[in-house]
Amino acid sequence: RRLGSGGGRGRAESSIEDIAKYKMWFLGSITGFLSPLTGTSGPVVFLPLALTMNYPILNALGAAQAVQFPVSIASSISFSLLGDIDIKLGFALACGATPAVILGSQLAHKINKFHLQVVVTTVLCCASVILMATFLFL
């Protein structure tokens, strides 16, 4: 932060904002590219990147959910144009996920942030191990 009078934005403040914009653009680009490639709709790609860049856990979770919407719409359109979407399965998953998302977001705001980050990290790691084991050994 720039010291001095005037109360305006100093050079340091604007460069920090510029860096944050570039980080967001970078995270958005990586997430947008890797999500349809991996079928994860955004959060699985975005969360590890955001957390390693020290974004607060609730902000990272909220942004992951927000980024999921446009990424999943664009990916769904792309895959449906190629004939690779099971509409019945997608509908069934959406019906189950919708109330669970509401409950999960309420719980995320009630528990200790450190414990929340441990839960998020553990779930992502376990999912990765299960996926690798399934791919390699089954």
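Ser35 is buried, because its relative accessible area is 1%, where buried means under 20% relative accessible area, exposed over 50% and partly exposed in between, with a 1.4 Å probe and protein chains only. The model is a predicted one, in which local features need pLDDT of at least 70 and side-chain atom pairs count only at pLDDT 80 or more, while totals for chains, interfaces and linings use all residues. Residues are numbered from 1 along each chain as its sequence is written, and side-chain values use heavy atoms, with hydrogens and water left out.

Ser35 lies in helix α1, which covers residues 11-38; helices here are DSSP runs of H or I with at least four residues, numbered from the N terminus. The side chain of Ser35 reaches the backbone oxygen of Thr31 at 2.6 Å, which falls under the definition of a polar contact as a pair of N or O atoms within 3.5 Å, where within protein one must be able to donate a hydrogen and the other to accept it, and residues adjacent in sequence count only if both atoms are side-chain atoms. Thr31 also belongs to helix α1 and counts as buried, at 0% relative accessibility. The side chain of Thr31 in turn reaches the backbone oxygen of Leu27, at 2.7 Å. As a general point, an α-helix has 3.6 residues a turn, so residues three or four places apart point the same way.

Helix α3, residues 57-81, holds Phe69, which counts as exposed because its relative accessibility is 57%. Together with Ile73, Ile77, Leu81 and Leu82, Phe69 makes a nonpolar surface patch of about 580 Å². Patches are made of residues with over 30% relative accessible area and no salt bridge, nonpolar side chains (Val, Leu, Ile, Met, Phe, Trp, Tyr) being joined within 5 Å and like charges within 9 Å; a salt bridge is a side-chain nitrogen of Lys or Arg within 4 Å of a carboxyl oxygen of Asp or Glu.

At the start of helix α5, a side-chain oxygen of Asn112 comes to within 2.8 Å of the backbone nitrogen of Phe114. The 25 residues of α5 (residues 113-137) should span 36 Å at 1.5 Å a residue, and the end C-alpha atoms are 36 Å apart, which agrees; the expected span is 1.5 Å times one less than the number of residues.

The whole structure contains zero disulfides, a disulfide being a pair of cysteine sulfur atoms within 2.5 Å. The sulfur of Cys125 has its closest cysteine sulfur in Cys126, at 7.0 Å, which is too far for a bond. Cys125 counts as partly exposed, at 46% relative accessibility, and Cys126 counts as partly exposed at 41%.

Notes: Helix = DSSP H or I, 4+ residues; strand = E, 2+ residues; numbered from the N terminus. Areas by Shrake-Rupley, 256 points an atom, 1.4 Å probe, with all protein chains shown as cover.
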